[in-house]
Amino acid sequence: DVIYEWYRPWRKYHVVVFVKSFSAECIEFSQYLKNKGVKVIFDINVDYFSTPYGSFFYQGMEPSGQQIANAKQMASLADGIIAASEHIAEKCREYASVRWIPDNIKTSILPQKQADSLSPNGKIRFLWSGMPQKLADLLLIEKLLLESSAK
């Protein structure tokens, strides 16, 4: 039996999951929990473990040195890590036991028919699920997408 709820300080927990949270306060709190015998799980969906590279199109897109240090410290404290990609899971293996659990997308909202041709107005059918700021990443493969749709 598992009960899933927001943390309440007056309750006793066996496990606490930090979902994409690794501030200095989270690190301090996770240490407090571990000292009380509570297992700490760190759920992460960004690679803060590799050296950042590439083009960063807006302020805050590049992981800061502090974010990288905090993520590594949180991973070191964790009893287990949930990674949103196989790549992140591989990068976290040295810190704790890792499980890859892909981000969830409701398939019921996806088109039922496979898009095997251009739409009536000649555009590529494309579904984007993510932060609008990261849409700039698609510009890197724009030419490839256009070439693929012409075939």
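This is a predicted model: local features need pLDDT of at least 70, side-chain atom pairs count only at pLDDT 80 or more; totals for chains, interfaces and linings use all residues.
Colleague: In what order do the elements of the protein chain run from the N terminus on?

Modeller: The order is β-α-β-α-β-α-β-α-α. In total the protein chain has five helices and four strands.

Colleague: How much of the protein chain counts as buried?

Modeller: Buried means under 20% relative accessible area, exposed means over 50%, and partly exposed lies in between (1.4 Å probe, protein chains only). Of the 151 residues, 26% count as buried.

Colleague: How many salt bridges does the structure hold?

Modeller: A salt bridge is a side-chain nitrogen of Lys or Arg within 4 Å of a carboxyl oxygen of Asp or Glu. The structure holds five.

Colleague: Which residues are linked in a network of salt bridges?

Modeller: The network links Glu 5, Arg 8 and Arg 11. Between Glu 5 and Arg 8 the closest N and O atoms are 3.1 Å apart; between Arg 11 and Glu 5 they are 3.5 Å apart. Glu 5 is partly exposed at 26% relative accessibility, as is Arg 8 at 30%, and Arg 11 is partly exposed at 39%.

Colleague: What does the salt bridge of Asp 43 and Lys 20 tie together?

Modeller: Their side chains meet at 3.9 Å, N to O. Asp 43 lies in strand E2 (residues 39–44) and Lys 20 in the loop between strand E1 (15–19) and helix H1 (24–35), so the pair ties together parts that are 23 residues apart in sequence. Asp 43 is buried, with a relative accessible area of 15%, whereas Lys 20 is partly exposed at 39%.

Colleague: Which residues form a nonpolar patch on the surface?

Modeller: Patches are made of residues with over 30% relative accessible area and no salt bridge; like charges are joined within 9 Å, and nonpolar side chains (Val, Leu, Ile, Met, Phe, Trp, Tyr) within 5 Å. Accessible areas come from the Shrake-Rupley method with a 1.4 Å probe, and for residues only the protein chains shown count as cover. Here the patch consists of Phe 57, Leu 140, Ile 141 and Leu 144, with about 410 Å² of accessible area together. Ile 141 is found in the loop between helix H4 (136–139) and helix H5 (142–150), and Ile 141 is partly exposed at 37%.

Technical notes
Residues are numbered from 1 along each chain as its sequence is written. Side-chain values use heavy atoms; hydrogens and water are left out. Helices (H or I, at least four residues) and strands (E, at least two) are DSSP runs, numbered from the N terminus.
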